[in-house]
Amino acid sequence: MTKPNFNINSIMTALKAKEADASRILQSRDAIIIEKSADELDEIEGAVAREIAIRNLDRESGLLREIRSALRRIDAGTFGMCLHCEEEISLRRLEAVPWARLCLQCQEAADRGDYRVLETEQVRLAEAA
Ligand SMILES: [Zn+2]
């Protein structure tokens, strides 16, 4: 494998900071429990707030999985390599999205629902887990 062209320590620091953030948000699950109100409007607002809180938790737990998987790839020495085409993921992309597991081209293909990309991605993720 080629030598990484990025500073793995700063990426790891960013990942760990994000991991701590996401864990903290996930621990505040109590925000979901909103008191029943006699007032109908309050109740609607409560339902909306609950909906938003659940969506946030969903997003954060997804993110946490991504981050932990990226940290495992750092350990395994495969970090920064696209899970599909095995090309290096660009430094700019990794700086913006340190848990990225696909290069930009493969990510775009995956977003379009290209099953070949989605398939290898899932297989490699399972191998790395
Ligand atoms: Zn790729």
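Predicted model: local features only at pLDDT ≥ 70, side-chain atom pairs only at ≥ 80, totals over all residues.
Visitor: Why is Ser90 called partly exposed?
Guide: Count the neighbours. A residue is buried if 20 or more other C-beta atoms lie within 10 Å of its own, exposed if 12 or fewer, and partly exposed in between, with C-beta atoms placed from the backbone. Ser90 has 16 other C-beta atoms within 10 Å, so it is partly exposed.

Visitor: What does Ser90 touch, leaving out residues up to four places away in sequence?
Guide: Ser90 touches Cys103 and Leu104. Two residues are in contact if their C-beta atoms, placed from the backbone, lie within 7 Å. Ser90 and Cys103 are 13 residues apart along the chain, and their C-alpha atoms are separated by 7.0 Å.

Visitor: What about Glu86 and Glu88: why does each count as it does?
Guide: Glu86 has 13 C-beta neighbours inside 10 Å, so it counts as partly exposed. Glu88 has 17 inside 10 Å, so it counts as partly exposed too. As for Glu88, its C-alpha atom is separated from that of Leu102, 14 residues away along the chain, by 9.0 Å.

Visitor: And Ala20, is it buried or exposed?
Guide: Ala20 has 11 C-beta neighbours inside 10 Å, so it counts as exposed. Its place is in helix α1. Ala20 and Leu64 are 44 residues apart in sequence, yet 9.0 Å apart in space, C-alpha to C-alpha.

Visitor: How do you know whether α1 runs roughly parallel or antiparallel to α2?
Guide: Look at the angle. The axes of α1 (residues 8–27) and α2 come within 9 Å and cross at roughly 150°. That makes α1 roughly antiparallel to α2. Angles under 35 degrees count as roughly parallel, over 145 as roughly antiparallel, 65 to 115 as roughly perpendicular and the rest as oblique. Axes are lines fitted to C-alpha atoms, for helices over the stretch in contact, and angles run from 0 to 180 degrees between N-to-C directions.

Visitor: Which residues make that contact?
Guide: Those of α1 include Ile8, Met12 and Leu15, and those of α2 include Leu57, Leu64 and Ile67. The residues of the contact divide into 13 nonpolar, three polar and three charged. Ala, Val, Leu, Ile, Met, Phe, Trp, Tyr, Cys and Pro count as nonpolar, Asp, Glu, Lys and Arg as charged, and the others, Gly among them, as polar.

Visitor: What makes the span of α2 agree with its number of residues?
Guide: The expected span is 1.5 Å times one less than the number of residues. With 37 residues, α2 should span 54 Å, and its end C-alpha atoms are 54 Å apart, so the two agree. The buried residues of α2 are Glu66, Ile67 and Ala70, and what covers them includes α1. Just after α2, Gly77 takes a positive phi of about 80°.

Visitor: How many helices and strands does the protein chain have?
Guide: The chain has five helices and zero strands. Of its 129 residues, 16% count as buried.

Key:
Residues numbered from 1 in each chain as written. Helix = DSSP H or I, 4+ residues; strand = E, 2+ residues; numbered from the N terminus.
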